[in-house]
Amino acid sequence: MHAPPKSDVPVISPNQLPEADGFIFGFPTRFGMMAAQFKAFIDATGQLWAGQKLAGKPAGLFFSTGSQGGGQETTPLTAITQLTHHGMIFVPIGATAGPVMFEREEIRGGNAYGAGTFAGDGTRQPTEKELAIAFHQGKYISGIIKKFKTGSA
């Protein structure tokens, strides 16, 4: 939708998803929901759904919104339905990132559902606190994925 392709970023096809042990899906918000491009990607997983090829795989979400009221909670809430239909296990971060989750000194994105940022008009970069939450989410979810894979969950 008018965004130029990023040739240096690897692209995965829906049929490659079963190869993964788990996921952290990220996408921008459009009107309080995942962007149409990501929805189209998920819509292309019908054969995987029919065979329940993603069932039991842990999955987390991160997102960006244009503003504070732009869908920081509605976006992950509406995206969870996609995970549910596939039988994936949604892994929220809750308050596990620690005190940064309760920080009120500056505006920041992210919440108990996952890491987030306010992209504004596209020029705003994630803050150190938003990046700290995102780093924590990656570490946290990868630890859970590892537990599932090794059977120590």
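Accessible areas here come from the Shrake-Rupley method with a 1.4 Å probe, and for residues only the protein chains shown count as cover. This is a predicted model, where local features need pLDDT of at least 70, side-chain atom pairs count only at pLDDT 80 or more, and totals for chains, interfaces and linings use all residues. Residues are numbered from 1 along each chain as its sequence is written, and side-chain values use heavy atoms, with hydrogens and water left out.

**View 1. The whole protein, surface and fold.** The protein exposes about 9,100 Å², and 61% of that comes from carbon and sulfur atoms. Four helices and five strands make it up, counted as DSSP runs (helices H or I, at least four residues; strands E, at least two) and numbered from the N terminus. Walk along the sequence and you get β-β-α-α-β-α-β-β-α. The radius of gyration is 16 Å, close to the 15 Å that the globule rule gives for 153 residues, so the protein is as compact as a globular protein of that length. That radius is taken over C-alpha atoms, and the rule is 2.2 Å times the number of residues to the power 0.38.

**View 2. The largest pocket.** About 1,600 Å³ of space sits in here. A pocket is an open set of points on a 1 Å grid over the protein atoms alone, where a 1.4 Å probe fits, with protein on both sides within 12 Å along at least five of seven lines; lining residues have an atom within 4 Å of a point. Points are joined across faces, edges and corners, and the volume is the space filled by probe spheres set on them. Of the 41 lining residues, Lys6, Gly26, Phe27, Pro28 and Phe62 lie nearest the centre.

View 3. Strand E1 (23–30) gives the largest share of the lining, eight residues.

**View 4. Phe31, a loop residue with positive phi.** Most residues other than glycine have a negative phi. Phenylalanine 31 has a phi near 55°, and its place is in the loop between E1 and strand E2 (33–34). At 85% relative accessibility, phenylalanine 31 counts as exposed (over 50%; buried is under 20%, partly exposed in between, with a 1.4 Å probe and protein chains only).

**View 5. Gln52, another loop residue with positive phi.** Glutamine 52 has a phi near 50° and sits in the loop between helix H2 (46–50) and E3. Its relative accessibility is 36%, so glutamine 52 counts as partly exposed.
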